[in-house]
Amino acid sequence: MISLGQATFQSWPPKPEAGCASSIVKHPSLAHLIYPPTRLSSFSSGLVPLPHILLNLTPWKRMPSISLKSRELKMRWVNICLLNRDGKPLWMSGRVGETLLNVVMNANGPVEGYGACEGTLACTTCHVYLPTEAYERMCQPTEDELDMLDLAVGLAETSRLGCQVVLKPWMDGMRVQVPKHTADLRGLADDGKMEG
Amino acid sequence: MLGFQASQRLRPLWLSTHLRSHNSRHVTRNCCFTGVRRKLHACVVGSGPAGFYTVQHLLKNNKEIRVDLYERLPVPFGLVRFGVAPDHPDVKNVINSFTQTAHSERFTFCGNVMVGRDVMVSDLQEAYDAVVLSYGAEDDQLLRIPGEQLPGVYSARAIVGWYNGLPENKDLMPDLNVETAVVLGQGNVALDLARILLTPVDLLRKTDITGAALDAIAESKIKRIFVVGRRGPLQVAFTIKELREMVNLQGVRTVLNPSDFEGIERVLLENIPRPRRRLTELLLKSTPQGSAGCVGHREWGLLFHRSPVQILPTADGERVGGIHFQLNKLEASGDTMKAVPTGNSEDMPCGLVLRSIGYRSLPLDPDVPFDKRRGVIPNNRGRVEGRAGLYCSGWVKRGPQGVIATTMNDSFETGEAVLEDISNRSASPQAGFESIRPKLASRGVQVVSFGDWTRIDRVEQERGLKLDKPREKILDVQEMLTHASG
Ligand SMILES: Cc1cc2nc3c(=O)[nH]c(=O)nc-3n(C[C@H](O)[C@H](O)[C@H](O)COP(=O)(O)OP(=O)(O)OC[C@H]3O[C@@H](n4cnc5c(N)ncnc54)[C@H](O)[C@@H]3O)c2cc1C
Ligand SMILES: NC(=O)c1ccc[n+]([C@@H]2O[C@H](COP(=O)([O-])OP(=O)(O)OC[C@H]3O[C@@H](n4cnc5c(N)ncnc54)[C@H](OP(=O)(O)O)[C@@H]3O)[C@@H](O)[C@H]2O)c1
Ligand code: FES
């Protein structure tokens, strides 16, 4: 059996996810998806640049080691590097099948306000940017997730809701960014109101 | 898929890890800091999302600070309790996180205290290192047109307050004995109103809607609701999730006029933002040519390019009988499209008018600067202009716009400003609530603590249990106060 590290290494660049037929067929509307939500923002270009760091996937060897009892268990843990709003990386681990939301919450909620609706697709506070390869390899977001994502501040090309991201073994070592969006809020009160 | 959803509901696990770590942090902090540095003391006014998220940020990022939260009502959570629609219980899960914050030893809830009446902002500034105003938007925008005061014309705010159990709206009892209702404005609040009034009553029964509203809606004669906007389909302010709920509403037909959508497909070929694109695609699908929508004996529809210029009375002049609209066309004006009159007009008969054109904040205290035009406290990233030690967050900071997540972000921004300033200032120790308490006592104010609220909460939940709903809200402030004192 291959070790966790090798598995991770060999799995990049990621291949489309099994059992998710349409995963590499981009949603038709994703091509333009570089946008602030409807009424929430007035930033000029409308384009949220993806953080550089997401594009460089750290090799497994540089990750902090997590001591695990059995090889079997080892195979079921996935390490995720979360770049918090302050830009600091946080390593956390979760089991295959858990959602990213679970992982963050079980790590003692290091991201303020994360998961306000407790994973019921009703809030967007679990919004994250994924690395492009991972975004493309994952199952497409459902219509319900897209509906909610459309409300997220700082919506970008690889935005997902953490409560809908289910950990897979190949995600080991994945870097995920929590959007920093306070800067986008300032123009809000001036949002183009009409005189009728 | 089902199992997957279920596995996402994880409250017990997080809650337990959270609370454990929370307590242990307290222990270390107390040993490290007791007597070393003076205690910082801040207060926040208003316990909606802005208030609670500001508190959360302060407590999390400064381990010495104490925060007191003043709320005008005996019950916390602002619009999460009194705004968010009863059929959206998932949105209210955020209350769990607020409750967790409230259990911090460094937090005090002071309910039933109206700032600006029971205690003034200047009193608070004397008692605290920092005062954050997060009192939301307690009023609503007026159309300022003739007939607006006729019986049968209601503000969205009042109707929402009525079905959600806001004490001041408990006796509203709108007359739903009419066939046609018009909602003016095309935001999410407008769709909330239309949906609640048209949702099958058996579905509403399982929500925390008030018993009185449920009875009135069960008796309602409303057959159709028009949601009317002054601009076009590309300018609607509601979002896709709420539109989809309307389109899929059981037993309710969606009625859209295809001529309103002429040329829209061409716009969709352009590079428009994804949220607007998906929303418009769903609107197109819901036109008679489209595939979406339900069949039913009741209907709802969107009307565009109409500005109300007068609310018309019935022949006897007793109540609302219709609306006189001016028809508009759109003209580009900078980045936005502006509605300008075409010169044509139209009368539309209806028996109920709901004005849903936005909420509005009010000045709290003559001492606090207020921008009347924009309806906000003038501020720079949460720092009230020209007033050291005074801050604001939420709707009163940026206007009545945005969902809870937006409010959260701006509250964190304000929290950050407070912490930045507070660490740079040296002042004498502030007594906080201890110096406010005697003032309140002398005015006979019964202050409701968070423990008191949990007693009210328990009574509401017990009443709900009997009716097979999450809670039956108490509508009367006096009754709340009775249960609060146990
Ligand atoms: C009808 C409606 C439905 C909504 N539904 C959703 C939804 O489904 N999802 C979503 O994400 N967002 C929703 N929103 C938006 C969301 O509610 C707001 O973003 C958020 O509540 C704003 O928070 P706030 O704390 O600024 O104001 P509020 O929530 O209004 O809180 C202000 C608080 O201050 C208190 N207060 C007022 N005056 C005083 C005083 N003088 N002294 C002491 N206390 C005072 C009030 O009692 C209140 O508790 C909805 C809004 C409305 C109006
Ligand atoms: N489910 C949810 O997530 C939910 C539910 C409720 C509320 N909210 C949020 O709460 C905030 C407030 O909602 P809202 O619906 O009160 O406000 P809103 O989104 O600002 O919508 C106001 C509507 O009123 C119209 N309007 C304003 N002035 C008018 C006038 N003088 N004459 C005619 N029409 C006029 C606006 O049209 P113009 O565009 O032409 O100005 C717009 O269609 C929003 O951010 C909303 O998303 C969210
Ligand atoms: S936790 Fe609310 S949408 Fe994901």
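In what order do the three strands of the open sheet in chain B stand? In this predicted model, the order is β11-β12-β13, and the pairing is antiparallel. Because β11 (306-313) and β13 (336-349) of chain B stand at the edges with a single partner strand each, one side of each is left without a neighbour in the sheet. From one strand to the next, the twist averages 20 degrees. Strand β12 of chain B, which spans residues 320-333, is joined to β13(B) by 11 bridges, and the two run antiparallel; within β13(B), B:P349 is the residue that stands opposite B:G322.

The surroundings of the two ligands were examined next. Ligand 1 is surrounded by 32 residues, of which the closest are B:E71, B:W395, B:G402, B:I404 and B:T407. Polar backbone atoms of chain B approach oxygen atoms of this ligand, with a distance of 2.8 Å for B:G402, 2.8 Å for B:I404 and 2.9 Å for B:A50. On its own, ligand 1 has 1,000 Å² of accessible area, and the protein covers 93% of it. Two or more residues of the shell are given by each of the elements α3 (49-61), α4 (78-82), α8 and α15 (404-424) of chain B. By class, the shell around ligand 1 comprises 18 nonpolar, 10 polar and four charged residues. Since both domain 1 (38-138 + 361-484) and domain 2 (141-359) of chain B give residues to this shell, ligand 1 lies between them.

Ligand 2, by contrast, is described by its position between chains A and B. The residues around ligand 2 number 21, and the closest are B:R230, B:R231, B:E242, B:Q401 and B:G402. Taken alone, ligand 2 exposes 920 Å², of which the protein buries 85%. Helix α8 of chain B (residues 188-198) gives the most to the shell around ligand 2, contributing three residues. Divided by class, this shell has seven nonpolar, eight polar and six charged residues, and at least three residues are drawn from each of domain 1 (38-138 + 361-484) and domain 2 (141-359) of chain B.

Notes
Residues are numbered from 1 along each chain as its sequence is written. Chains are lettered from A and ligands numbered from 1 in the order in which they are written. This is a predicted model: local features need pLDDT of at least 70, side-chain atom pairs count only at pLDDT 80 or more; totals for chains, interfaces and linings use all residues. Side-chain values use heavy atoms; hydrogens and water are left out. Two strands pair if DSSP finds at least two bridges between them. Helices (H or I, at least four residues) and strands (E, at least two) are DSSP runs, numbered from the N terminus. Axes are lines fitted to C-alpha atoms, for helices over the stretch in contact, and angles run from 0 to 180 degrees between N-to-C directions. A residue is near a molecule or strand if one of its heavy atoms lies within 4 Å of it. Accessible areas come from the Shrake-Rupley method with a 1.4 Å probe; for residues, only the protein chains shown count as cover. Ala, Val, Leu, Ile, Met, Phe, Trp, Tyr, Cys and Pro count as nonpolar, Asp, Glu, Lys and Arg as charged, and the others, Gly among them, as polar. Domain bounds come from an automatic or database domain assignment. A polar contact is a pair of N or O atoms within 3.5 Å; within protein, one must be able to donate a hydrogen and the other to accept it, and residues adjacent in sequence count only if both atoms are side-chain atoms.
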